[in-house]
Every structure is written in structure tokens, then in C-alpha cells.
Amino acid sequence: MTEDGTDVAIACQGGGSHTAFTAGVLRELLGDLPPDVNLIGFSGTSGGAACATLAWYGHVHPEEDPGELLTGFWTDLAASSPLHRAANGLLRWGIQLQRMGVPLPAISPADSPGAKWGEDEFRELLESYVDFAAIPDLLDGSEPGLFLSAIEVCDGTFEIFREDDLSSGAVLASAAEPHIFEAIELNGKHYWDGLFSKNPPLNDFMDASDVPDPDEIWLVKINPQERPEPPTTMEGIHNRRNELSGNLSMNAEIRFIERVNDWIEKGYLPERYTHTDVARIRFPKSRNLDWRTKLDRDPDFLEGLVRDGEKQARAFLDAR
């Protein structure tokens with residue numbers, strides 16, 4: 001923290017449709033950013049990557065508003081047209097059958113015309129809100145950094161896409177859940193969802209030489225960390241396993257940040273290292289949602305999540 005204010009980075013965890021909550025959080029935060037906050041970066045994974053990209057683009061573009069971009073994107077992503085409502089209804093029907101224990105055929109995205117259609121629709125939607133070709137002209141070194149995570153399928157290495165190499169393909173690479181999309185090919189490499197790598201990127205804020213080390217990271221958290229009791233049904237087991245796996249990399253990065261903070265306090269590191277606090281904006285406990293609803297695009301469902309995000313962000317800012 002300096003006399004000029006607090007350097008803050010915002011990190012957005014992945015979670016499919018549940019990240020409509022993140023859109024509400026970002027809309028509220030960026031619409032009423034405290035005057036002492038210097039926004040130095042955004043990061044995101046999967047649906048969080050899409051939200052982080054829209055927020056970053058709206059923040060740095062002189063003619064765009066991040067709140068309007070986020071609202072428009074999630075409104076258009078919702079299953080509002082007859083075709084999309086039918087597809088979403090079919091998905092929800094399949095989910096209900098699975099909950100009842102009815103076996104359904106497993107179809108690879110490589111063999112599914114619907115998977116390619118969904119990828120093309122998502123790409124077109126992103127490109128309707130972000131002019132990726134115009135981004136180089138927006139970069140002058142003063143803008144916040146942007147960090148999107150993905151994993152290279154064949155060699156298992158982590159990839160971070162930055163703002164100077166941003167494309168709709170990079171966002172898709174971070175969001176390519178392998179049961180829904182084929183691996184996204186970029187420059188001869190193939191990428192899957194960043195949930196396998198960094199969910200979301202945190203340490204990269206400190207590793208980057210072109211952005212200040214953050215005093216605070218505001219973590220928009222989708223997957224709950226705690227549950228009151230262990231699950232006993234197969235549905236509950238699948239749900240909790242999804243939550244825990246989505247938190248693994250995040251918890252590892254938070255533990256490393258806490259360890260570095262401890263080393264700083266004990267004087268083991270040079271003064272240029274910065275103490276970083278991680279503050280969480282949590283998905284409301286009242287939303288005890290099944291993991292399969294991360295694929296649900298019902299308009300009312302998404303709108304409710306956006307409102308939840310606004311409320312949680314407002315409470316976060318008021319408490320701060």
C-alpha cells in the first residue's frame with residue numbers, strides 16, 4: 001500500500017453458468033470502485049475468464065462500460081430464443097434423468113454437431129462485445145493486466161493468455177470444458193478448460209514484471225470451500241467432488257501467497273516484495289446448487305445469479 005492508494009487485482013473463479021454471479025459482482029465493484037483503489041489486474045478461468053475479459057475491456061476502452069458489457073453478454077447468453085430454450089430444456093431434462101439414475105449415452109464433443117454449434121455461438125457472442133482486433137491500440141502500459149488460464153492437453157503445461165495476445169480463441173481455450181467442447185486449437189496447440197490449471201490465476205499477478213504487486217486480491221469465489229457434513233448420495237458425492245476439484249489449484253496458490261507473506265513479516269525477503277491479502281467475495285450459501293446447473297442457461301436463473309452477485313459485492317464494499 002502506498003500514499004497513492006491500494007493496488008487491487010480482481011480474480012474470477014470458473015464455474016460455467018454460475019459465473020453469472022461474477023458478472024453481477026464485477027458490475028457492482030466497477031460501478032462504485034472506492035477512490036483509494038488502484039485497479040492493477042484482472043484474472044479469470046472458464047466462465048470467470050469471459051467475465052474478466054469483458055470487465056477488463058470495458059475498463060480500458062474509452063467508449064465502453066464494463067457493467068453494460070457484462071449485462072448484455074449474459075442477457076444474450078441466456079436461452080431466450082425458441083431454439084436455445086429447446087436446447088436448454090433438453091439439457092435440463094437429461095440432467096433430471098441422470099439424477100433419477102437413468103443411464104444416458106455418452107457422446108464425445110468430437111462426434112457432436114451440437115458441440116461445434118455451441119463453440120461457434122460462444123465465439124460469435126464474445127466477438128460481438130469485444131473488438132479483439134482493436135485491443136493493441138488500447139495498450140499503452142498504463143492499463144491493468146489480464147490473465148486467463150488454460151491447459152495444453154497434450155503436454156499438460158499451464159498457459160496464461162495476456163492482454164497483448166488476447167483473442168476469442170484464448171477465452172474459449174480457458175472455457176473449453178472437455179465434456180462440452182473439443183480442445184481449442186491455437187498456434188498448433190490444443191487447450192482445455194483452465195479449471196485443470198489455475199482456477200483462477202493468483203500468483204501470476206506477483207510474477208508479472210509489467211504490473212505492480214497487488215496489496216489486495218479480491219477473489220470472486222464460486223465453489224464453496226466448506227460443507228456441514230459429508231455427502232451420502234451419489235449425486236451429493238459428484239457435487240462435492242466437483243467443488244473440491246475446482247478449488248484445488250486456488251487453495252495451493254493462496255497457501256503460497258500466505259507463505260510469502262509470512263516470509264516478508266519475518267524479514268526473509270527484500271523490501272521490494274509486497275504483502276498481499278486475499279479477500280473473498282463468496283457465492284451465497286443460500287444457493288445450494290447442483291453442479292450440473294453450471295450448464296443451465298435459463299434466463300430467470302441467470303438473472304437471479306447476477307442480482308446475487310450485486311448484493312454480495314455491495315456487502316463486500318460496505319464492509320471494506
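Arg240 is buried, with a relative accessible area of 14%. Buried here means under 20% relative accessible area, exposed means over 50%, and partly exposed lies in between (1.4 Å probe, protein chains only). The model is predicted: local features need pLDDT of at least 70, side-chain atom pairs count only at pLDDT 80 or more, and totals for chains, interfaces and linings use all residues. Residues are numbered from 1 along each chain as its sequence is written, and side-chain values use heavy atoms, with hydrogens and water left out.

**Salt bridges**

Arg240 meets Glu243 in a salt bridge, 2.7 Å from N to O. The term requires a side-chain nitrogen of Lys or Arg within 4 Å of a carboxyl oxygen of Asp or Glu. Both residues sit in helix α8 (residues 234-265); they are 3 residues apart, so about one helical turn separates them. Helices (H or I, at least four residues) and strands (E, at least two) are DSSP runs, numbered from the N terminus. Glu243 is buried at 4% relative accessibility.

The structure holds 18 salt bridges.

Asp308 pairs with Arg287, with the closest N and O atoms 2.6 Å apart. Asp308 belongs to helix α9, while Arg287 lies in the loop between β8 (277-282) and α9, 21 residues apart. Asp308 is buried at 15% relative accessibility. Arg287 is partly exposed at 24%. Salt bridges with shared partners also join Glu28, Asp32, Arg314 and Asp318 into one network.

Arg320 bridges to Glu216; their closest N and O atoms are 3.6 Å apart. Arg320 is partly exposed at 37% relative accessibility, whereas Glu216 is buried at 17%.

| Salt bridge | N to O distance |
|---|---|
| Arg240 and Glu243 | 2.7 Å |
| Asp308 and Arg287 | 2.6 Å |
| Arg320 and Glu216 | 3.6 Å |

A search of the whole structure finds 7 aromatic pairs. Phe21 and Phe283 form an edge-to-face pair, 5.1 Å centre to centre with 65° between the planes. Phe21 is in helix α1 (residues 20-31) and Phe283 in the loop between β8 and α9, so the pair ties together parts that are 262 residues apart in sequence. Phe21 is buried at 0% relative accessibility, and Phe283 is buried at 12%.

Phe161 and Tyr191 form an edge-to-face pair: 5.3 Å centre to centre, 75° between the planes. Phe161 comes from strand β4 (residues 158-162) and Tyr191 from strand β6 (residues 189-193), 30 residues apart. Phe161 is buried at 5% relative accessible area. Tyr191 is buried at 4%.

Rings of Phe, Tyr and Trp (its six-membered ring) pair if their centres lie within 6.5 Å; planes under 30 degrees apart count as stacked, over 60 as edge-to-face and the rest as tilted. Phe73, Trp74, Phe122 and Tyr129 form one aromatic cluster.

**Surface charge**

Glu63, Glu64, Asp65, Glu68 and Asp131 gather in a surface patch of negative charge. Patch residues have over 30% relative accessible area and no salt bridge, and like charges are joined within 9 Å. Glu63 lies in the loop between α2 (47-60) and α3 (66-77). Glu63 is exposed, at 70% relative accessible area.

Methods. Patches are made of residues with over 30% relative accessible area and no salt bridge: like charges are joined within 9 Å, nonpolar side chains (Val, Leu, Ile, Met, Phe, Trp, Tyr) within 5 Å. Accessible areas come from the Shrake-Rupley method with a 1.4 Å probe; for residues, only the protein chains shown count as cover. Lys and Arg count as positive and Asp and Glu as negative; His and the chain ends are not counted. The place of a charge is taken as NZ of Lys, CZ of Arg, CG of Asp or CD of Glu.
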